[in-house]
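Please have your viewer ready.

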Amino acid sequence: MTAPKRWLPFTVKTVLLVLLLLWTLVPIVWMVLSSFKPNSVITANTPRIFFTPTLEHYASLFSGGNSLWPYLMNSLSIAGVSTLIAVVLGCMAGFGLSRIRLKGKKHLAFWIISTRMAPIAAVIVPMYLLFRYLYLLDTYAGLIVAYLSFNLPFAIWLMTAFFDDLPPDLEEAAMIDGATKFQAFRYVVLPLMTPGLVTTAILCFIFAWNDYAFAQTFSGPSTQTIPIAAAQLLTQTGIDWGKLLAIGTVVVCPMAIAGLLVKRWMVQGLTLGAVK
Amino acid sequence: MATLQLDNIIKDFGSTRVLKGIDLEVKDREFVVFVGPSGCGKSTLLRTIAGLESASSGDIKINGQRVNEIGPAERGLAMVFQSYALYPHMSVEDNMGFSLRLAKVPRAERREKIRAAARILQLEELLDRKPRALSGGQRQRVAIGRAIVRNPSIFLFDEPLSNLDAALRVQMRIELTRLHHELNATMIYVTHDQVEAMTMADKIVVLQGGSVEQIGSPMELYHHPRNRFVAGFIGSPKMNFLDVEVHGVGPTGVDLALPGGACRIPVVGDDINVGDTLTLGIRPEHLKLDDHGSLEGDIVLTERLGGVTSLYLDHLGKEWILVADGNIVHRVHERVRFSFDPSCAHLFKSNGQSLDRLQRHPLAGVECEGSRVNAI
Ligand SMILES: Nc1ncnc2c1ncn2[C@@H]1O[C@H](COP(=O)(O)OP(=O)(O)O)[C@@H](O)[C@H]1O
Ligand SMILES: [Mg+2]
């Protein structure tokens, strides 16, 4: 190929990529930047890129009567526990589903993931009524169950796909080497599943962390999560932009890190030269 | 001391019967090869012996003891997988020592056994590497080493050489035979390659469609194939076949009328009648160019290997192969006459069964001797 022919598509690709990056990153960068601006700069008519950074919004977030700490702890523990349960159960169920010989296995797997496809709007009212009868409103358990109902099928489905990629030869070799089924799982399968487990965990955590609808409906004064705290800032007299931007930054940070982690693990091959 | 006995093993996957009643006896220290075309059930049979599949019916006995209900871990066998199935997250040393670790063998003893196996397989420098840092041949060795360390009663191999290149395959073939004698172990080896079967086996089990076609020593299968399938499968290039009519039957053989004259094949023709149609089978290496021969054909293709030349002939509309001397000068499109020694020819009935020969070949029944291996 000659240079001019390649030159054009390359430019087009670069331009498109730059546009896409601007489109995606500018609002986030602007939010993070602005969260360090004093109020006068935030509301100034001409946007400013250079300013003296301040931590005043973060300080006011984490101190005083309406501190963000309890919300943060609620979010972390609810998302964390529901993720842990989803990954542990999803791992075991996924292994079983991947290895079992069963007629109509595909249908079973599809049925499981199909429960994940239900729109939240359709299930939220029935769930609210159920939770009220079961005294699960305004409890950690309630929200954990709510997130599990969506994350568990997803975790099972994703882990099944990861296990499908792992040749059964390895477990069989372990069993011939004298391992019990559980030992084969523990010493051979599980160590090779780290990428799958991390990926699943991060995706489940993101769902619970980002959720607003369930938290808004099922939580009470003692179980509200960060998205609820952020929303509350909008309904008070006027909008406290500085605080809102700071909360936004706090919410986005773990997700950005998680995103990078998922990419690292997902790219990593599963079998690492086990076969051939 | 390890023997294996299979009694009428049947294996169904759902409604498909993959093994249709397999009977087999494996003697102590025997090298048995399962050979057959792809999909005939070799792997399934091996996995059933290993305990990775359960037999739908029939008995599996190791050292006379029924093991159907015993799991793979307790059968005391070792298996080398076609894919090698090395644990990717463990070093070569840990791969080889995994079974010992599970058996709670003390570290020092474990090391010693691993070193010993590594020495046999020339793996000593690689013990710290991960499988992904090994070549195909080295992975193969590690997989075999893992089996040796376990000191199994029976070794099982499922097409272990099929992922190696041709030169390495030949080398490993010799090495496995040597290993068999060094370890004095019972080995069962699965392959679809009849050359591997012929060169390594004490006893070959030819499988087709889930049934045993014939069991015997390599020379027995070569000289006395029980049916047309075995005759065509064993030997390379393949046996030539021709439908012929019977002109006479006597105590010294069956008379045939061939295009270039009559001939008598020394086989038992008890239930054969004049006028029956049989199939004549002659191996390419038993045909010889002969200006007065009773058969003739046009050369379609020549393959010169130097020492020998394969002639592909159009013989009465069928493709026949003749293996001739490497120095012949015949060319494509030439018409040649050729003949064969009737005592080397085979006759098959229309149902594929072969007619027994009047005389047994002196080498048939002789098993692969140790002397051949020691000479290497
Ligand atoms: N788990 C299984 N479920 C259903 N059919 C199987 C399974 N494993 C093997 N088969 C079938 O059994 C037959 C024999 O397979 P296999 O033993 O692998 O053949 P080979 O090793 O001789 O090539 C094939 O037709 C294959 O499709
Ligand atoms: Mg196979």
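This is a predicted model: local features need pLDDT of at least 70, side-chain atom pairs count only at pLDDT 80 or more; totals for chains, interfaces and linings use all residues.

Chain A contributes A:A173, A:I176 and A:D177 to its lining, and chain B contributes B:A78, B:M79, B:F81, B:R146, B:A147 and B:R150.

## The largest cavity

Now for the wider search. Across the whole structure, three cavities of 30 Å³ or more are found, and the largest of them contains about 80 Å³ of space. Its lining is made of 10 residues, and the closest to the centre are A:N66, A:Y71, A:A229, A:L233 and A:I247.

Two elements of chain A each give two or more residues to the lining of the largest cavity: α12 (226–235) and α13 (241–267). The largest share belongs to α12(A), with three residues. Sorted by class, this lining has six nonpolar residues, three polar ones and one charged one.

## A cis peptide bond in chain B

The backbone has a few spots to look at too. B:S236 and B:P237 are joined by a cis peptide bond, with omega at about -5 degrees. To find B:P237, go to the loop of chain B that runs between α8 (228–233) and β11 (240–250).

## Two asparagines with positive phi

Which phi does B:N63 have, although it is not a glycine? The value is positive, about 50 degrees. B:N63 sits in the loop between β4 (57–62) and β5 (65–66) of chain B. Its relative accessibility is 42%, so B:N63 counts as partly exposed.

B:N184 is not a glycine either, yet its phi is positive, at about 55 degrees. You will find B:N184 in the loop of chain B between α5 (166–183) and β8 (186–191). B:N184 counts as partly exposed because its relative accessibility is 44%.

Definitions and conventions. Residues are numbered from 1 along each chain as its sequence is written. Chains are lettered from A and ligands numbered from 1 in the order in which they are written. Side-chain values use heavy atoms; hydrogens and water are left out. On a 1 Å grid over the protein atoms alone, a cavity is a set of points where a 1.4 Å probe fits but cannot get out, and a pocket is an open set with protein on both sides within 12 Å along at least five of seven lines; lining residues have an atom within 4 Å of a point. Grid points are joined across faces, edges and corners, and a volume is the space filled by probe spheres set on the points. Helices (H or I, at least four residues) and strands (E, at least two) are DSSP runs, numbered from the N terminus. Ala, Val, Leu, Ile, Met, Phe, Trp, Tyr, Cys and Pro count as nonpolar, Asp, Glu, Lys and Arg as charged, and the others, Gly among them, as polar. Buried means under 20% relative accessible area, exposed over 50%, partly exposed in between (1.4 Å probe, protein chains only).
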